[in-house]
Amino acid sequence: MSSSEGKVTLVRLSPQAGSRNLVGWFHVYDSEEGRKKTSHEYLSARLLTKEEKEAAKTAKKKKETDAAAAAAAKVPAKKK
């Protein structure tokens, strides 16, 4: 279809019983922005390489720890 990787999302792979055929279902979008708005994030994660998945996971953990630290800093200490 001569489309770039950023415009394609893998939906499903279906093996054919008794053969080596594998049928893939993909959604192809007009633009990368359209794909990001419409498709689910977990579908996009399927197309990432192992290194990209690990980098995304560490970035998510860092974001969560930063948010937790910011929330802990906002909580005032109780007075006795």
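**Pockets, strands and overall shape**

Tutor: Let us begin with a pocket. In this predicted model, the lining of the second largest pocket comprises four nonpolar, two polar and two charged residues.

Student: Which residues line the second largest pocket, and what makes two of them charged?

Tutor: The lining consists of Glu5, Gly6, Val8, Phe26, Arg35, Ser44, Leu47 and Leu48. Glu and Arg count as charged, so Glu5 and Arg35 fall in that class. Gly counts as polar, and therefore Gly6 is placed with Ser44. The space in this pocket is about 200 Å³.

Student: What is the volume of the largest pocket, and which elements give two or more residues to its lining?

Tutor: Its volume is about 280 Å³. The elements that give two or more residues to its lining are α2 (41-45) and α3 (50-74). The lining is formed by Glu41, Tyr42, Ser44, Ala45, Leu48, Lys53, Ala56, Lys57 and Lys60. By class, four of these residues are nonpolar, one is polar and four are charged.

Student: What makes the charged end of Arg12 count as sitting over the ring of Trp25?

Tutor: For Arg, CZ must be within 6 Å of the ring centre and within 35 degrees of the ring normal. The charged end of Arg12 is 4.3 Å from the centre of the Trp25 ring, and it is found to sit over that ring. Trp25 is also the bridge partner of Arg12 in β2.

Student: How many aromatic pairs does the structure hold?

Tutor: It holds zero. A pair would require ring centres within 6.5 Å.

Student: In what order do the elements run, and why is the protein called more spread out than a compact globule?

Tutor: There are three helices and two strands, and from the N terminus on the order is β-β-α-α-α. The globule rule gives 12 Å for 80 residues, whereas the radius of gyration is 20 Å, well over that value, so the protein is more spread out than a compact globule. Along the principal axes, its C-alpha trace spans about 75 × 30 × 20 Å.

Key: Residues are numbered from 1 along each chain as its sequence is written. This is a predicted model: local features need pLDDT of at least 70, side-chain atom pairs count only at pLDDT 80 or more; totals for chains, interfaces and linings use all residues. Side-chain values use heavy atoms; hydrogens and water are left out. On a 1 Å grid over the protein atoms alone, a cavity is a set of points where a 1.4 Å probe fits but cannot get out, and a pocket is an open set with protein on both sides within 12 Å along at least five of seven lines; lining residues have an atom within 4 Å of a point. Grid points are joined across faces, edges and corners, and a volume is the space filled by probe spheres set on the points. Helices (H or I, at least four residues) and strands (E, at least two) are DSSP runs, numbered from the N terminus. Rings of Phe, Tyr and Trp (its six-membered ring) pair if their centres lie within 6.5 Å; planes under 30 degrees apart count as stacked, over 60 as edge-to-face and the rest as tilted. Two strands pair if DSSP finds at least two bridges between them. The radius of gyration is taken over C-alpha atoms; the globule rule is 2.2 Å times the number of residues to the power 0.38.
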